[in-house]
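Have the sequence and the 3D view open as you read.

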Amino acid sequence: MNSPITAFKLSLEIARVHLVSKPKQTIIAMLGVTFGIGMFVALVSLMTGLNNFTEELTMTSSPDIHIYQDVTEPRLSLLEEINPAGLNKIHHQRPKQESARLRGAMQIVEMLRRDPRVMGAAPFLSSQVFYNNGPVQLNGSIVGVDILEEDKLFDLRSKLKQGRLEDLLASRDGIIIGSGLARKLDVTVGSRVLITTPAGFTRMLKVIGIFQMGMGAIDNVRAYANLAMVQTIMQQNQSFITNINVRLYDRYQAKPMAADLNMNLDYKAEDWETANATFLTGNKIRNIISYSVSITLLIVAGFGIYNILNMTIYNKMKDIAILKAMGFAGGDVRRIFMIQSLTIGFVGSLFGLLVGFTLSYLISKAPFDGGDFVSLDHFPVNFDPLYYLIGTVFGVITTAVAGYMPSRKASKVDPIEILRGQ
Amino acid sequence: MKASSADVLKVTGVSKYFYEPEKFQVLKNIDLTVQRGEFLSLVGKSGCGKSTLMYVLSTMDTDYEGELEIAGERLTGKKQNELAPFRNNHIGFVFQFHYLLPEFTVLQNVMIPALKLGQYSRTEIEHRAVEKLKLLGMDEHVLKKTNKLSGGQQQRVAIARALINDPDIIMGDEPTGNLDSYNAGLVFETFRELTSAYNQSIIAVTHDSEFAKRTDRVVEMSDGRIIK
């Protein structure tokens, strides 16, 4: 007799009339949600945008796994080696004179390249050098690489502002220099730069390219050269390799794989998460802050809805009583008010998304000077639709929770008390 | 109408207690039978329990002892969720105050119980609502908001609303209590017509002795008992 569809339509219609007949109240309740969701979307977009940007920057310049000789690793003293059972005490043990060389580096590289998880492995060696151009003398580093392998790992080609990678292969004394360093030395492609190693070896090199990673810590100090050239200036033979960089297909495999390598190799294998622990902690803290601020905003909006619905229900006691007398069950009454609350939540959220998008867009256009440290002229903003979805879900859930209690109260109104009371 | 037996409402041995501020027996072992087409008025001094009895009869109050049967259906012991649809179908209410929903038009107010019942299509319901309003001389005001009407007009709309589902019984708590004599007379005439022409029963709680005198049966209560 009583089909659920018409009953629902009736509840919907009553809810609609209630909302429309008190537009001010409805709009204020919606604005609460709109503001909450808008801020959530804008905040999270900016925060994740910044996080992604810095993560990408870090990732482009740091390998997934870095293998090197760790001279700071504590070592057994001679006394302890001879007399392991005894009670040994040695004060101020000096580090052993040890070469940073990786023995059998090429074999390790071959082994890594055979691993299906590995996208690329590149051996390199680096040295501290002074760059001289006329009177200017700058401290920096020179990195000897197999340039094509390095490109596979770090996409150097896209970071190149001037010159071509292949030119390095053809030129024995060529270098590709960081943009900041190039500016300070006032050199361009074709210029010559004099370098001096700590050991006193000097060499004239030719700039054949300029790269920009976007990070001052690299662009201001680093230059790439051929492996052989760096081996020469360090006065070492051709098998002298100090580091291996590894890039994986899935960077989240890095931690377990680094642990494996540490067990099997005599050298230190460091994964990117460990190497960038401070940066990742910063990411986490920023995420926690933005989520807690947004959730607080939404809870405040929820209290607003709770208050307004409570007030509406208080004002509508007589209506509720007569509806119940006419045959509306408690559930029908609850539904009427839940529909109101969810409508406020849903429409408020939709406007919130719009506000959030507008704010994000404006932020992404706001000029922001990253300074010398990062090359950035606007705020990086993430427009991932996922956060818009999360925002809507949050908004609707908050209003459902906030609306449930007053709606339940309305469903429990005793009509006799109201109808007799007058 | 919906059930065919002669007795449309029957209560046996109904007692009810109030517990606030202290235990007090409001209704004492009441037996009452109302026949189809009967126009009955319930009178008595303030506090004699006549309104309380009416709310027990209305099924809105389930906290009583005894038996209640309306239109051949035993209602004692049922939950409010089952009783609400029953009221929707079988009982119409008219109160001292109209209790119309202020945001809705006259027509919508009358239609709501029928939309809730869902027995007819929307256009049919609209048609029936206009018919009921015509019966009460309110068909010119269908599209007005209810707060634009006078007190008497509002009460007539409330009666049309009570009639929309062709209930077996119409219950009134002081239905003319707030009306001038002209409108009170009009309401009485409508009730009269409903009982005679449509064979619907009416139970009206009233203080108005003139009104009571003209009904088919006057049930007088005192101290929670029916005395006449």
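## Chain A as a whole

Take the contacts in chain A between residues at least 6 apart in sequence: 79% of them join residues at least 24 apart. Two residues are in contact here if their C-beta atoms, placed from the backbone, lie within 7 Å. Bear in mind that this is a predicted model, where local features need pLDDT of at least 70, side-chain atom pairs count only at pLDDT 80 or more, and totals for chains, interfaces and linings use all residues. As for labels, residues are numbered from 1 along each chain as its sequence is written, while chains are lettered from A and ligands numbered from 1 in the order in which they are written.

Chain A has 17 helices and ten strands; helices (H or I, at least four residues) and strands (E, at least two) are DSSP runs, numbered from the N terminus. Its radius of gyration is 33 Å, well over the 22 Å that the globule rule gives for 422 residues, so chain A is more spread out than a compact globule. That radius is taken over C-alpha atoms, and the rule is 2.2 Å times the number of residues to the power 0.38. Along the principal axes, the C-alpha atoms of chain A fill a box of roughly 105 × 65 × 40 Å.

Of the 422 residues in chain A, 40% count as buried. Buried means that 20 or more other C-beta atoms lie within 10 Å of a residue's own; exposed means 12 or fewer, and partly exposed is in between, with C-beta atoms placed from the backbone.

## A look at Thr196(A)

Thr196(A) sits in strand β6 (residues 192–196) of chain A. It counts as partly exposed because it has 16 C-beta neighbours inside 10 Å.

Leaving out residues up to four places away in sequence, Thr196(A) touches Val129(A), Phe130(A), Asn132(A) and Thr202(A). Asn139(A) is 57 residues away from Thr196(A) along the chain, with 9.6 Å between their C-alpha atoms.

## Helix α1 of chain B

Over in chain B, helix α1 (residues 50–57) is mostly covered, with eight of its eight residues buried. Among them are Lys50(B), Met54(B) and Tyr55(B). Just after α1(B), Thr59(B) takes a positive phi of about 75 degrees.

## Where the chains meet

Here, 25 residues of chain B are in contact with 25 residues of chain A. On the chain B side, the elements giving two or more residues are α1, α2 (80–90), β6 (91–95) and α3 (106–117). The most come from α2(B), with six residues.
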